[in-house]
Amino acid sequence: MANAKVTEKDIAAENGVIHIIDKVVTPLNSIDQYLRNKPQYSLFRSIVERFMVLFINNVDATRRYQVLKGGNQDVAVKVYSNFLAFSPNNENYFKLQDNDGQRDGWTIFVPTNDSLTKYINTVVLQQYTSINALPLSIISDLLNAHMWQSTVWPSKFSSTYNFLGEPAKINNVTDVVDRKVLSNGIFYGTKKVNEPNVFSTVYGKAYLNPNYSLMTRLLDQELKPIITNPNVKYTMFMVSDAVLAAKGYSYSPGSNLWSFGATANDSVRLNLMRMINTGVIETPNNELANLGVTGVNGIAGSYGGEYIKYDGNKVFSVGSIEKNVSVTIDSVRQVLNGQVAYINDLLYYTYRPIGSTMAVLGTPAASEFNYFWNYLRNSTIFNATTFEITGITAGSFYTLFVPNRAAIIQAINDGLLPGTAGVPNFTPTLIADRLKVEKFILYHFLDKRTVVANGNDIGSFPSMLRNTAGDPVTFSILYPGGVFELGDGFGRKARMVSTLNNNLSNRTVIHLVDNYLKY
């Protein structure tokens, strides 16, 4: 590193070993000094100097200068921002005490001007007019992606993590054009930018676009460390500042408060987060690869635990269906860990209870949900005023499997529901008959879980029905031949009616099935 050769080695001394070299070793440059004299890295250095450096008047330096030189000028000291992983002119590393032995150092990867220029123009400035317009957080992330608070040896590129918690995405053989051991660390000049995950993942599409600053702020509350994982694929629905403003939402940086119209409190933030979370879907097998394509439809569960449906370029949440709002997918963009879909409205949720959804599904006389709904609305566990169902906890998730009309008739004939010869008795007077209805309804609720026919949930699951010991009565979910199938403890099987399944409700999905489950 100092261009000196050892001419004699391993000379034993009382307190160590002596090696004789053929030239005087002069002090090495620091990272700061090395960068200053390398024009091929001038763009990186100029960004650091412009945004991360301050010159601050220093009393001690001023006094020393005045004593040595005379005069009354003030002396300013170059100070790097604490937004940086380290100060490139810092020789002390993590100094703990005056006589501690330094055993490590900084590491910096600096891309050449041409590679950095290309990356900035094609990635960082897609939505910004210039570097000067960038938020300081974006600039610091770009720089810190190239800075390590430890020594990165050539064999450890993929296992040593930078200030952002990411390894070097640089090939030691093909991407490194300059290597130097300097006084305070190791310098690697590269022909490739070490692209940070916050730019290359789905999060980056919001983060690098000023039109999505409010969405970025909401993602930072909870989802950022999750959706910036490059090893997990996501589909994220993008909600712009303009859409939020049109719906009456705003944010005040001074008070750190979110507002909806004249209402400003933390509930507004939580409501927005619920809608944003509804639009983040893990897709490990590219399940939504054809999102936005005409004729392609389906249902998908979000990070927030709620489900959305899609059909061509339309996407539906339970709230958008309730409000009769048409949410359109304008375009879809691919990124490192999935894709983003730009939509023109919010993915609303509902405050209405599950009973309200059942009323909509079951009120038409010809509806396949009608018989179950009539038993429910006349049952002892249903509140006809609030449409609430006893045992349903606000904020919890459920799945309701509704037997169709033929299955209800069969349940009547089998003595599981009150009625005569297939004719329902929706308003029984006997306590035993009312108890039958209650048990029948509760056994068709999957407790604390939302399930669709995607093959993810297999096994035995608790219903809302409890036995005499207070334990949940279970039923099974299996996929024989790849087909969704429910099973009870008596060998009965029920399958979804595909044309009438996936009805969205409050943290709940309601499916029509072709048989009843026996409790």
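Trainee: Which hand does the crossing of α2 and α5 have?
Mentor: The crossing of α2 and α5 is left-handed. A crossing gets that label if the near helix is turned anticlockwise from the far one by less than a right angle, and right-handed if clockwise. Helices here are DSSP runs of H or I with at least four residues, strands are runs of E with at least two, and both are numbered from the N terminus.

Trainee: Before we go on, what are we looking at?
Mentor: This is a predicted model, where local features need pLDDT of at least 70, side-chain atom pairs count only at pLDDT 80 or more, and totals for chains, interfaces and linings use all residues. Residues are numbered from 1 along each chain as its sequence is written, and side-chain values use heavy atoms, leaving out hydrogens and water.

Trainee: Back to that pair: at what angle do α2 and α5 pack?
Mentor: Helix α2 (residues 42-51) and helix α5 (residues 136-144) pack at about 140°, and their axes are 11 Å apart. Axes are lines fitted to C-alpha atoms, for helices over the stretch in contact, and angles run from 0 to 180 degrees between N-to-C directions. The two helices are therefore oblique to each other. Under 35 degrees counts as roughly parallel, over 145 as roughly antiparallel, 65 to 115 as roughly perpendicular, and the rest as oblique.

Trainee: Which residues make the contact?
Mentor: From α2 they are Phe-44, Ile-47, Val-48 and Phe-51, and from α5 Leu-136, Ile-139 and Leu-143. Contact means heavy atoms within 4.5 Å. By class, that contact has seven nonpolar residues, no polar and no charged ones. Ala, Val, Leu, Ile, Met, Phe, Trp, Tyr, Cys and Pro count as nonpolar, Asp, Glu, Lys and Arg as charged, and the others, Gly among them, as polar.

Trainee: How do α14 and α16 cross?
Mentor: Helix α14 (residues 370-377) and α16 have axes that come within 10 Å and cross at roughly 120°. That makes α14 oblique to α16. Phe-372, Tyr-375 and Leu-376 of α14 meet Val-437, Phe-440 and Ile-441 of α16. The contact of α14 with α16 has six nonpolar, no polar and no charged residues.

Trainee: And Asp-433, buried or exposed?
Mentor: Asp-433 is buried, with a relative accessible area of 17%. Buried means under 20% relative accessible area, exposed over 50%, and partly exposed in between, with a 1.4 Å probe and protein chains only. Asp-433 sits in helix α16 (residues 431-443) and touches Pro-418 and Pro-428, leaving aside residues up to four places away in sequence.

Trainee: Now Leu-219, what does that one touch?
Mentor: Not counting residues up to four places away in sequence, Leu-219 touches Tyr-203, Ala-206, Lys-224, Ile-227, Met-236 and Ile-276. Leu-219 belongs to helix α8 (residues 213-222) and counts as buried at 0% relative accessibility.

Trainee: How many residues of α3 are buried?
Mentor: One of the eleven residues of α3 (residues 59-69) is buried, and the helix is hardly covered. Just after α3, Gly-70 has a positive phi of about 80°.
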